[in-house]
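Trainee: Please take me through one part of this model slowly. I would like the whole picture before the close-up.

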Amino acid sequence: MDGQVKVAVIYYSATGITYQMAQAAVEAAEEAGAEVRLRKVRELAPDEAIRSNSGWQAHRLETQDVMEAQPDDLSWADVIIMGSPTRYGMIAAQLKQFIDTTGPLWAAGVLADKVYSGFTSTATAHGGQEATLLSLYTVFYHWGGVVVTPGYTDPSQFVAGNPYGASHTSNNGEVAPDHVALTATALTAKRATLMGAALKRGMTG
């Protein structure tokens, strides 16, 4: 069995804020020695809604070559990190729709005993950041996963302030993730990757 830990970073992003955080997660996981897949979930919004927002339209074109997530990405991965903007304190419908396709994998036990974590962004301060992450983790608990968070395991987290996962306030998409948010995302991904590697060694060693 391949000893390299496999990480899937699966996200939804409308205007690119969450995508930038996903890229930070990918880079951190790779630096921690993982093989990484970056996957976006399928867009559900109608074309006319996307075209009406220049940022949304531009981001769709920017990421048109990013592959869409498939259930196989979950089977493949040892570590799964999901990211989504907040929608009323919960994940976006696009990510939820993808999660809702995982029933056969869950029923077969394929999603158990993997490491999971998450990141999010909101339009306003607070804005449901912690609620979104906790609602996402409820899915992982159902799957029998091992949830790994950044906690306060690094001095940077006393600045970021969210022990549940990486988060960012975008001011309605106007403010790109700053150093604080990207550092928190990288820490989240690194801890999840290292825990995934440790579990994999334990299962195969």
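This is a predicted model: local features need pLDDT of at least 70, side-chain atom pairs count only at pLDDT 80 or more; totals for chains, interfaces and linings use all residues.

With 205 residues, what radius of gyration would a compact globule have, and what does the protein chain have? After that, please look closely at the salt bridges of D73: which partners does D73 have?

Mentor: Now the overall size. A compact globule of 205 residues would have a radius of gyration near 17 Å. The protein chain has 16 Å, so the two agree. Along the principal axes, the C-alpha atoms fill a box of roughly 55 × 40 × 25 Å.

Next, the build. The protein chain has nine helices and seven strands. Buried residues make up 47% of the 205 residues. Take the contacts between residues at least 6 apart in sequence: 79% of them join residues at least 24 apart. The exposed surface comes to about 9,600 Å², and carbon and sulfur atoms supply 54% of that area.

Then the charges. There are 14 positive and 20 negative side chains in the protein chain. The centres of the two sets lie 4 Å apart. The structure holds six salt bridges.

Now to your part. D73 forms a salt bridge with R37, and the closest N and O atoms are 2.8 Å apart. This pair links distant parts of the chain. D73 sits in helix α4, residues 71-76. R37 sits in strand β2, residues 35-40. They are 36 residues apart.

D73 has 3%, so D73 is buried. R39 has 12%, so R39 counts as buried too. The picture widens with one further residue: R37, R39, D72 and D73 are linked in a network of salt bridges.

For a contrast, look at another bridge. D100 pairs with K96, and their closest N and O atoms are 2.8 Å apart. K96 has a relative accessibility of 36% and counts as partly exposed.

Now return to helix α4 from another side. K114 lies in the loop between α6 and β5. Leave aside its neighbours within four places in sequence, and K114 is in contact with L74, S75, A77, D78, I80, G145 and V146. K114 has 9% relative accessibility and counts as buried. Its C-alpha atom is separated by 9.6 Å from that of M195, a residue 81 places away along the chain.

One more check concerns the backbone. Most residues other than glycine have a negative phi. D113 has a positive phi, near 65 degrees, and is not a glycine. D113 is found in the loop between α6 (103-107) and β5 (115-122), which is also where K114 lies. N171 is another non-glycine residue with a positive phi, at about 55 degrees. N171 lies in the loop between β7 (166-169) and α9 (179-204). Its relative accessible area is 45%, so N171 is partly exposed.

Back to your question, in brief. D73 is buried.

Methods:
Residues are numbered from 1 along each chain as its sequence is written. Side-chain values use heavy atoms; hydrogens and water are left out. A salt bridge is a side-chain nitrogen of Lys or Arg within 4 Å of a carboxyl oxygen of Asp or Glu. Helices (H or I, at least four residues) and strands (E, at least two) are DSSP runs, numbered from the N terminus. Buried means under 20% relative accessible area, exposed over 50%, partly exposed in between (1.4 Å probe, protein chains only). The radius of gyration is taken over C-alpha atoms; the globule rule is 2.2 Å times the number of residues to the power 0.38. Contact means heavy atoms within 4.5 Å. Accessible areas come from the Shrake-Rupley method with a 1.4 Å probe; for residues, only the protein chains shown count as cover. Lys and Arg count as positive and Asp and Glu as negative; His and the chain ends are not counted. The place of a charge is taken as NZ of Lys, CZ of Arg, CG of Asp or CD of Glu.
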